[in-house]
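Trainee: Could you show me how to read a protein structure, one feature at a time?

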Amino acid sequence: MNNIVIIYCHPYQKSLNHAVLEAVKDNLSQHKIPYETIDLYRDKFQPFYDLEELRLFHTGETHDPLVTKYLELLKNAQGIIFITPIWWNSIPGMLKGFIDKVMKEGEGLSHTVSKYGIHGCLTNLTHAYVLTTSTSPTFYFRLFMGNAIKKIFISKTLKQLGIKHGTWINFGNVTNSSLTKREKHLKKIQKYPFQF
């Protein structure tokens, strides 16, 4: 169990997010770290519950084969890397739906629930990296927009799933960024010392 799962959440192949994905793959390949990529849009993942899926939720079952596939990948990985834009101060609906549907309640799944709260089962994922882009500058997002990626997604949601350590790397002010700044960011990601 030493592979990494990349969760990629962007529909456009010419986006900066896609360039970040390629930089991450290059980084892991250079360090001979095996990885699997979940491309939510390419897979045509349905990020919302239908009635049957909701009925099965508390049994830990699903009728969506992608949910089964994704959860198995997560249960057998050492670390996870999310690559996503920030839309309206939080993660996109597609990624929120991934968390909603794939994180199944039950022993041997992603978490269990008791009267004392949620106990995360994905403790095999020793570290989560969340690589984002945002229209707002990073400092503005941190200080004035609630800092939801760090305070909610990493420090609450991922921790509840058993992932104790998380790192957020954001490229802010993306709309007004220069090519030079974008290229500098991609080089940083290519050389970043991911540790799991």
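## Reading the features together

Mentor: Happy to! Keep in mind from the start that this is a predicted model. Let's begin with a helix.

Trainee: Great. How many residues does helix 1 have, and how far does it reach?

Mentor: Helix 1 covers residues 16–30, which makes 15 residues. From its first C-alpha to its last it reaches 21 Å, close to the 21 Å expected at 1.5 Å a residue.

Trainee: Which residues of helix 1 are buried?

Mentor: A residue is called buried when its relative accessible area is under 20%. In helix 1 the buried residues are Leu16, Asn17, His18, Val20, Leu21, Ala23, Val24, Asn27 and Leu28. Their cover includes strand 1 (4–8), strand 2 (35–39), strand 3, strand 6 (127–133), strand 7 (166–171) and helix 7 (179–191).

Trainee: And what about helix 4: how many of its residues are buried?

Mentor: Seven of the ten residues in helix 4 are buried, so this helix is mostly covered. They are Met94, Leu95, Gly97, Phe98, Ile99, Lys101 and Val102. Among the elements that cover them are strand 1, strand 2, helix 2 (51–56), helix 3 (65–75), strand 3 and helix 6.

Trainee: Lys101 is on that list. What does Lys101 touch?

Mentor: Leave out residues up to four places away in sequence, and Lys101 touches Phe45, Gln46, Pro47, Phe48, Tyr49, Glu53, Asp64 and Val67. Its relative accessible area is 2%, and that is why Lys101 is classed as buried.

Trainee: Which residues is Ile99 in contact with, leaving aside neighbours within four places in sequence?

Mentor: Ile99 is in contact with Phe153 and Thr157, once those neighbours are set aside. Ile99 and Thr157 are 58 residues apart along the chain, yet their C-alpha atoms are separated by 8.9 Å. Ile99 counts as buried because its relative accessibility is 11%.

Trainee: Now to backbone angles. What should I look for in phi?

Mentor: Trp88 has a positive phi, near 50°. Asn147 also has a positive phi, near 50°. After helix 1 comes Lys32, with a positive phi near 55°.

Trainee: Where do Trp88 and Asn147 lie, and are they buried or exposed?

Mentor: Trp88 is in the loop between strand 3 (79–85) and helix 4 (93–102). Because its relative accessibility is 82%, Trp88 counts as exposed. Asn147 sits in the loop between helix 5 (138–144) and helix 6 (148–160). With a relative accessible area of 8%, Asn147 is buried.

Key
Residues numbered from 1 in each chain as written. Predicted model: local features only at pLDDT ≥ 70, side-chain atom pairs only at ≥ 80, totals over all residues. Heavy atoms only, no water. Helix = DSSP H or I, 4+ residues; strand = E, 2+ residues; numbered from the N terminus. Buried < 20%, exposed > 50% of the residue type's maximum accessible area, 1.4 Å probe, protein only. Expected span 1.5 Å × (residues − 1). Contact = heavy atoms within 4.5 Å.
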